[in-house]
Amino acid sequence: MKKYKVCVYTICLNEEKFVDRWYNSMKEADEIYVLDTGSTDNTVNLLKERGVHVTVKKITPWRFDVARNESLALVPDDTDICVCTDLDEVFEKGWREELEKAWHENTTRLRYIYNWSLDEHNKPIVTFYYEKIHKRHGFKWVNPVHEILQYDKEEVYNVTDKIVLNHYPDRTKSRSSYLPLLEIAVKEDPNNDRNTHYLGREYMYYGRYNEAIDMLIKHLQLPKATWKDERCASMRFIARSYKELGRYEEAKMWLKKAIDEAPYLRDPYMEMALLYYRLNDFDQVIYYTNLALTIKNHEKSYINETFSWDETPYDLLSISYYNKEEYEAAKAFCEKAIAINQDDERLKKNLNIINKMINPTKNHEND
């Protein structure tokens with residue numbers, strides 16, 4: 001197995017509480033390079049004490065792609081493999097050895113497992129493939145936010161499931177810059193399908209539902225908007241926006257389009273079930289939730305919804321059967337939901353209520 005020169009690089013701002021954990025994860029690399037963009041805490045000193053190469057430079061006006069390219073420029077030219085991470089991310093041990101096994105002379109980029117969200121027991125909730133490990137030359141970062149790597153020639157990807165990067169985000173950090181940066185991105189490149197989708201989604205998150213609908217419809221009309229999973233997500237977000245506006249028939253129409261677009265995904269069926277749950281139509285909740293549960297393959301994509309794969313389907317079925325006074329079925333599905341999320345007190349209370357309906361004379365306090 002050939003020995004490669006591997007360098008980690010990143011950007012950071014006021015990350016002192018993550019320095020030790022991040023460094024201990026990344027130190028399998030030969031060298032580590034950090035562009036600090038103006039920390040006012042002890043981040044820079046802590047990194048330097050651990051032998052990290054740190055350069056301080058403020059990026060004005062702020063853009064993630066500019067900052068990433070400045071950090072990449074710090075990496076020596078003789079580096080074989082570049083590994084871009086953030087300080088709130090942690091590799092599982094042994095990643096360096098697995099990287100050298102998976103890398104070949106003609107490889108330009110490596111895809112690996114990224115656990116974007118984990119629960120309090122460190123169990124992955126949202127998982128997909130990441131691709132921020134790349135060769136040194138020919139790459140640049142593009143897009144002011146939700147930045148991606150762009151290569152100047154044809155790419156050769158390798159894939160490994162033996163490298164795992166876990167994400168432990170700082171929930172106190174503001175993401176308020178994302179919306180204006182996305183608006184800049186779409187203005188710079190109106191035909192960029194990915195950024196248009198992201199901007200529509202961001203409008204939805206901000207409760208700007210009419211703007212979200214307009215932007216997401218624009219996304220669907222773009223010639224490059226061909227990835228069915230993302231098209232389905234835009235249709236779901238349009239439906240979700242109509243739902244929040246109280247326009248339920250339009251929401252149903254768009255969810256039917258989403259199902260037709262990507263019938264192999266659970267998400268549009270679950271969105272439809274959640275819509276009918278709001279409308280107290282429990283027969284339809286049961287119908288669409290059961291359709292969702294027939295889909296067993298969980299695509300490794302950032303676009304998947306957590307509620308499609310956690311306890312939510314069984315929770316919806318339990319509540320629906322309870323409202324139909326079918327208590328044994330309600331109990332069975334509530335127990336399945338609890339098996340997935342054993343810490344949910346609401347589910348436990350629901351089970352107690354269901355048991356009282358099944359056997360009113362029994363004391364169920366300890367059920």
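## Briefing: helix packing and a mixed sheet

Helix 10 (residues 267-278) and helix 12 cross in a left-handed way, meaning that the near helix is turned anticlockwise from the far one by less than a right angle (clockwise would be right-handed). This is a predicted model, so local features need pLDDT of at least 70 and side-chain atom pairs count only at pLDDT 80 or more, while totals for chains, interfaces and linings use all residues. Residues are numbered from 1 along each chain as its sequence is written, and side-chain values use heavy atoms, with hydrogens and water left out. Helices (H or I, at least four residues) and strands (E, at least two) are DSSP runs, numbered from the N terminus.

**Helix 10 against helix 12**

- The two helices pack at an angle of about 35°, with their axes 11 Å apart.
- On the helix 10 side, the contact (heavy atoms within 4.5 Å) is made by Met270, Ala273, Leu274 and Tyr277; helix 12 brings in Thr312, Pro313, Leu316 and Ile319.
- As for how the angle is taken, axes are lines fitted to C-alpha atoms, for helices over the stretch in contact, and angles run from 0 to 180 degrees between N-to-C directions.

- Tyr327, Ala330, Phe333, Cys334, Ala337 and Ile338 are its buried residues, where buried means under 20% relative accessible area, exposed over 50%, and partly exposed in between (1.4 Å probe, protein chains only).
- Looking down the axis of helix 13, these buried residues fall within an arc of 145°, so they line one face of the helix; the arc is that of the directions from the helix axis to the C-beta atoms.
- A bit of background: an α-helix has 3.6 residues a turn, so residues three or four places apart point the same way.
- Over on the other side of helix 13, Glu328 and Ala339 are exposed.
- Helix 12 (312-323) and helix 14 (345-358) are among what covers the buried residues of helix 13.

**Helix 7 and its cover**

- Helix 7 (residues 209-221) has 13 residues and reaches 18 Å between its end C-alphas, close to the 18 Å expected.
- Its buried residues include Ala212, Ile213, Met215, Leu216, His219 and Leu220.
- Their cover includes helix 6 (193-205), helix 8 (228-244) and helix 9 (248-261).

- Eight strands make an open sheet with mixed pairing, in the order 3-2-1-4-7-6-10-5.
- Strand 3 and strand 5 sit at the edges with a single partner strand each, so one side of each has no neighbour in the sheet.
- From one strand to the next, the twist averages 30°.
- Pairing takes at least two DSSP bridges between two strands.
- Strand 1 and strand 2 run parallel and share six bridges, with Ile11 partnered by Leu35 of strand 2.
- Five of the six residues of strand 2 are buried, so that strand is largely enclosed by the rest of the structure.
- Strand 4 (residues 81-84) and strand 7 run antiparallel over three bridges, and Ile81 faces Lys135 of strand 7.
- Strand 10 (residues 157-167) pairs antiparallel with strand 5 (residues 89-91) through three bridges, including Glu89 to His167.
- Strand 10 also runs parallel to strand 6 (residues 109-118), joined by six bridges; here Ile113 has Val164 as its partner.

**Helices lying across the sheet**

- Helix 1 (residues 19-26) lies across strand 1 (6-12), strand 2 (31-36), strand 5 and strand 10, at about 30° to strand 5.
- Helix 3 lies across strand 1, strand 2, strand 4 and strand 7, at about 145° to strand 1.

- Most residues other than glycine have a negative phi, and most peptide bonds are trans.
- Thr60 and Pro61 are joined by a cis peptide bond, with omega about -5°; Pro61 lies in the loop between strand 3 (53-56) and helix 3 (64-73).
- Asn122 has a positive phi, near 65°, and sits in the loop between strand 6 and strand 7 (124-135); at 39% relative accessibility, Asn122 counts as partly exposed.
- Asn280 also has a positive phi, about 60°, and is found in the loop between helix 10 and helix 11 (282-293); at 54% relative accessibility, Asn280 counts as exposed.

Technical notes
Expected span 1.5 Å × (residues − 1).
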